[in-house]
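Thanks for asking me to look over this one. Below are my notes, point by point, to read alongside the model.

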Amino acid sequence: MIVTTVIGGRRERRKWARESLTDAFVAFLEASWAHSDVVRYTPDEQPLNVDTAQAFYAEMRSQLTRLRLLASEAVLEAGEDLLRCQRAAQEAQPGPARQEALITAARSRRLVVAAAKREMGLP
């Protein structure tokens, strides 16, 4: 009975950690895409909606904190790089500079997805 309880407890902790990790990855990436959308779709003649962009950026930071508790250093490095890229896209001047920053953020996002898949043992 004790062995079953211990094994069951370990299994539940692993399940919880995997589900929490998945939730954090998904929330981090969703906030990144939403942030890029806000930055991308700001017409040149209108100012960037900084409050909305900041809200998505703050969500990314919050999820990155969760990932610090659950993921490897490689995942954290990829996530931190994406966070920096998102900030650069937000701060870039509208036009070609912003488009290039968004392309860089998209590349960085793909690296986060790859790192997440490795972390979770997915193909």
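Before the points, a word on one term: two residues meet, or are in contact, when heavy atoms of theirs lie within 4.5 Å. Please also keep in mind that this is a predicted model.

1. **Overall make-up.** The protein chain has 4 helices and 0 strands. Read from the N terminus, the order of elements is α-α-α-α. The chain is 123 residues long, and 36% of them count as buried. If you take the contacts between residues at least 6 apart in sequence, 67% of these join residues at least 24 apart.

2. **How α2 and α3 pack.** Two packed helices are described by the angle between their axes and the distance between the axes. Here, helix α2 covers residues 50-70 and helix α3 covers residues 73-91; their axes are 10 Å apart, at an angle of about 170 degrees. An angle over 145 degrees counts as roughly antiparallel, and α2 and α3 are therefore roughly antiparallel to each other.

3. **Who meets whom.** On the α2 side, the residues in this contact are V50, A53, Q54, Y57, M60, R61, L64, L67 and R68. Their partners in α3 are L76, G79, E80, L82, L83, Q86, R87 and Q90. Sorted by class, the contact of α2 with α3 has 9 nonpolar, 4 polar and 4 charged residues.

4. **A charge over a ring.** One pair from that contact deserves a look on your screen. R87 lies over the face of Y57, and the distance to the ring centre is 4.2 Å. What about pairs of aromatic rings? Ring centres have to lie within 6.5 Å to pair, and by this rule the count is 0 aromatic pairs.

5. **L76.** This residue has its place in helix α3. Is L76 buried or exposed? Its relative accessible area is 8%, so L76 is buried. Setting aside neighbours within four places in sequence, L76 is in contact with L64, L67 and R68. L76 and A115 are 39 residues apart in sequence, while their C-alpha atoms are 9.0 Å apart in space.

6. **H35.** Helix α1 runs over residues 2-40 and includes H35. H35 has 0% relative accessibility and therefore counts as buried. Which residues does H35 touch, not counting those up to four places away in sequence? They are A53, F56, Y57, Q86 and Q90. Of these, A53 and Y57 also belong to the α2 side of the contact in point 3, and Q86 and Q90 to the α3 side.

7. **R40.** R40 is also placed in helix α1. With a relative accessible area of 31%, R40 is partly exposed. Along the sequence R40 and Q90 are 50 residues apart, and from C-alpha to C-alpha they are 8.9 Å apart in space.

8. **A116.** A116 is buried, its relative accessible area being 8%. How far apart are the C-alpha atoms of A116 and F25? The separation is 7.1 Å, for two residues that are 91 residues apart along the chain.

Key: Residues are numbered from 1 along each chain as its sequence is written. This is a predicted model: local features need pLDDT of at least 70, side-chain atom pairs count only at pLDDT 80 or more; totals for chains, interfaces and linings use all residues. Side-chain values use heavy atoms; hydrogens and water are left out. Rings of Phe, Tyr and Trp (its six-membered ring) pair if their centres lie within 6.5 Å; planes under 30 degrees apart count as stacked, over 60 as edge-to-face and the rest as tilted. A charge sits over a ring if NZ of Lys or CZ of Arg is within 6 Å of the ring centre and within 35 degrees of the ring normal. Axes are lines fitted to C-alpha atoms, for helices over the stretch in contact, and angles run from 0 to 180 degrees between N-to-C directions. Helices (H or I, at least four residues) and strands (E, at least two) are DSSP runs, numbered from the N terminus. Angles under 35 degrees count as roughly parallel, over 145 as roughly antiparallel, 65 to 115 as roughly perpendicular and the rest as oblique. Ala, Val, Leu, Ile, Met, Phe, Trp, Tyr, Cys and Pro count as nonpolar, Asp, Glu, Lys and Arg as charged, and the others, Gly among them, as polar. Buried means under 20% relative accessible area, exposed over 50%, partly exposed in between (1.4 Å probe, protein chains only).
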